[in-house]
Amino acid sequence: MTDHLNILLIGSGGREHAIAWKLAQSSRVKHIYVAPGNGGTLGSKISNVNIGVSDFSQLTEFAIKNQIDLVIPGPEQPIVEGIQAVFKKIGIPCFAPSPKAAQMEGSKAFSKDFMKKHNIPTAAYQNFTCYEKAKKYIESVNHKVVLKASGLAAGKGVLMPETKQEALDGLKTIMVTKEFGSAGSEVVIEECLEGEELSILAFSDGYTIIPLPPAQDHKRALDGDKGPNTGGMGCYAPTPIGTQSLIEQVKRTILQPTIDGMRRDGFPFIGMLFTGIMLTESGPKVLEYNVRFGDPETEVVLPLLSDDTDLAEIMMACVEGRLDAVSVTLKNAFAATVIIASGGYPGNYAKDKVITLPQNKKDVTFFHAGTSIKEKKLVTAGGRVLAVSATATTLREAVDRAYEGVRAVQFDQMYYRKDIAHKAFEKSETTQSGLSYADAGVSIDAGNLLVQKIKPLVKSTRRVGADSDIGGFGGLFDLKAAGFVDPILVSATDGIGTKLKIAQECNIHNTVGIDLVAMNVNDLIVQGAEPLFFLDYFACGKLEVEVGKDFVAGVVEGCLQSGCALVGGETAEMPGLYALGDYDGAGFTVGAVERAKILPRLNEIKEGDVVLGLASSGVHSNGFSLVRKIVSSQPGLTYHSPCPWNKSKSLGEALLVPTRIYVKQLLPVVKKDLIKAMAHITGGGFLENIPRVMPENLAVVVDAQSYPLPDIFKWLKQAGGLSAHEMTRTFNCGIGMVIVTDKANVPEITRLLKTVNETVYELGTVTTKAALGGKEVEVRNTHLW
């Protein structure tokens, strides 16, 4: 890193003063120029430059003339207007995202669509550019909504109506009367999330992301969170609700996927990502992104950086792509910031009020926001005038110190909120002493919420014999009601395997439940049995309700495809046994078959019988340890890369295509006694699964030319350098179900399956083991693969 840095800091608020204050502590910083600065951004290392934040021509001219090494824009306006690209052209690094990446704040519609694409938890929403369509949407919904002007509105373009009429009035304010100007040309209408808000500021170099302590802002102008919205009247950090496990969860499910998604979409994020988060019953969800330091969050988190943490070094590491090589450490302390505002703010207010200000003292700092120097006097020059920040070993002490500093300030008509951090103190007063199950990492409330969310899904699987009500001690099934006369019960159990690792990496959880059901019910149909009911087991290190719900939604879809009822399950939250974000699933199913219809009918299978095949949808759920090994061996290839054999999908999406379920199309064929045996082609491929349903003396010949090898298997074979033998004993190779039947029955089986759009491949024939030299299965013509 270059020593003796000259830095150009752009902005004029409390945020910029706090940044300059921390940068000035660096031995590597020679001088900080603040454009245009305020009455506090002055000192031995700090001076103001009278240039506006969006005057790029003057800023670049000044930067070249003064040999600036790093540019740091504070407010959002110049960032969204493309300041990073402007300075990139003249070779000066800028601690800010590119114009495209800045759209994460510049367009709320853009950011919401991004979150949807990358499965980042956020509120349900719709974007509108037509006032009448937006109005009709508000009139149609029954839940509370939040209205957001999509463009930049100086932090004030968000309305939170309490009633439908207030929502309609607010929509008119944004889109018709244009209170927020062109920012209201497009509006985002989203569900109103309930819970506590957190703000997390995080450094990023496009790959690594390092969050600072979670803070909680106070937007309303008056005590008790009353009055109009402001830019922020105070803040504190870290918040008691922002536990270490929560921070890890937010980083894993929100922050890192955001940085990774932006890079993969072609606009890597470099700078400070400021994420507003709501802690809902279902877990943390994103309210919005900002692409710069927050205000007043900056004034509260920067004082928490340890004395030996160099802000200039961190910022240079971000712009040079080496954030993982620097140390970012924090004080073991709390911080509180109280904003002192001009009377009348956020409405009209007077300026040029003379300010009496004490000197900074240990652990209390006065950051200037709306101040200036006139006739050698410090006077007010804005709505938010000062940010008084204090640190201490407890939150209570930090807040008290901040207010002590506030009371030492004087100017005419000053006002401030007197209840900063009130939510934290109210929570501490109501919190019971002693340990709870939640303290051990197990949330009973999350488990109960998951049950409530999945009940209607589970209920949709009810069928004759089972009502699919969950919540009791067990599930019931009435065989008589289902129409069985002399039934034999058939059971199966299975899991999903390491395909789950890909689902977790891609944050796609609603398909693996289908795999789980498929792996079980396909094992029933090969025995002639109709699946009746299913039970699932979901185990995790920390229960994330939305992930659990998506998993069960997949299980429900699998049950619907196979016609069985989901009658119960178990959710196990086991901290310490599973890592955060990891989970596993297992299933158990029971079916029934009339005694005379049980398969396989070994005594009927004979030499000359025909072997038919039904196509698979891909790898299904076996062989993924080898799949993952092959993927990891390919330079630069990740599960988020375009799929090598299908560019319209990512590799992860292509591999997560769920296992086919063959139950409903095969049951009518089974009931007509047209099938002698079936084999579900799972782990072990043709070579291991077909012999499981064959008589001891018979074998099968499969002709690899009889069906087209799917592209996914061609790629796996080529990329992994796999032999044909390894392919046929590991993967299904494009055939998920094998049928053994008499040659005379082939036309009828083909006809019946064709009516349900199933293609039937004639794979080969039954022969004797002796004819194959003792082999049980021989796959011929694999050289054509």
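## Basis of the model

Residues are numbered from 1 along each chain as its sequence is written, and side-chain values use heavy atoms, with hydrogens and water left out. Because the model is predicted, local features need pLDDT of at least 70 and side-chain atom pairs count only at pLDDT 80 or more, while totals for chains, interfaces and linings use all residues.

## Overall architecture

The protein chain has 24 helices and 34 strands. These elements are DSSP runs numbered from the N terminus, with helices being H or I runs of at least four residues and strands being E runs of at least two. Along its principal axes, the C-alpha trace of the protein chain spans about 105 × 55 × 55 Å.

Of the 785 residues in the protein chain, 55% are buried. Buried means under 20% relative accessible area, exposed means over 50%, and partly exposed lies in between (1.4 Å probe, protein chains only). Among contacts in the protein chain with a separation of 6 or more, 75% are between residues 24 or more positions apart; a contact requires heavy atoms within 4.5 Å.

Asn6 belongs to strand S1 (residues 5–11) and is buried, at 9% relative accessibility. Leaving aside residues up to four places away in sequence, Asn6 touches Lys30, His31, Asn66, Gln67, Ile68, Asp69 and Leu70.

Phe56 lies in helix H2 (residues 56–65) and counts as buried, with a relative accessibility of 15%. Beyond residues up to four places away in sequence, Phe56 touches Pro78, Glu81, Gly82, Ile83 and Val86. Phe56 and Leu378 are 322 residues apart along the chain, and their C-alpha atoms are separated by 29 Å.

## Surroundings of Pro296

Pro296 occupies the loop between strand S16 (283–290) and helix H10 (297–301). The relative accessible area of Pro296 is 0%, so the residue is buried. Not counting residues up to four places away in sequence, Pro296 touches Asp217, Gly231, Gly232, Gly234, Cys235, Thr337, Ile339 and Arg384.

One of these residues, Cys235, is likewise buried, with a relative accessible area of 0%. Pro296 and Cys235 are 61 residues apart in sequence, and their C-alpha atoms are 6.4 Å apart in space.

## Cysteines

A disulfide is a covalent bond between the sulfur atoms of two cysteines. Here a disulfide is counted when a pair of cysteine sulfur atoms lies within 2.5 Å, and the count by this rule is 0.

For Cys94, the closest cysteine sulfur is in Cys318, at 12 Å, which is too far for a bond. Cys94 is buried, at 7% relative accessibility.

## Aromatic pairs and charges over rings

The structure holds 17 aromatic pairs. Rings of Phe, Tyr and Trp (its six-membered ring) pair if their centres lie within 6.5 Å; planes under 30 degrees apart count as stacked, over 60 as edge-to-face and the rest as tilted. The pair of Trp21 and Phe367 is edge-to-face because the ring centres are 5.3 Å apart and the planes stand at 75 degrees. Trp21 lies in helix H1 (residues 14–23) and Phe367 in strand S18 (residues 364–368), so the pair ties together parts that are 346 residues apart in sequence. Trp21 is partly exposed, at 23% relative accessibility, whereas Phe367 is buried, with a relative accessible area of 0%.

Tyr403 and Tyr416 form a tilted pair, 6.1 Å centre to centre with 45 degrees between the planes. Tyr403 is in helix H12 (residues 395–407), and Tyr416 is in the loop between strand S22 (414–415) and helix H13 (422–430). Tyr403 is buried at 8% relative accessibility, and Tyr416 is buried with a relative accessible area of 18%. Lys418 lies over the face of Tyr416, at 4.9 Å from the ring centre, and Arg396 lies over the face of Phe425, at 4.0 Å from the ring centre. A charge sits over a ring if NZ of Lys or CZ of Arg is within 6 Å of the ring centre and within 35 degrees of the ring normal. Phe95, Phe203 and Phe293 form one aromatic cluster.

## Packing of helices H20 and H24

Helix H20 (residues 663–671) and helix H24 (residues 746–754) pack at an angle of about 145 degrees, with their axes 10 Å apart. Axes are lines fitted to C-alpha atoms, for helices over the stretch in contact, and angles run from 0 to 180 degrees between N-to-C directions. At this packing, Gln665, Leu666 and Val669 in H20 meet Ile749, Leu752 and Leu753 in H24.
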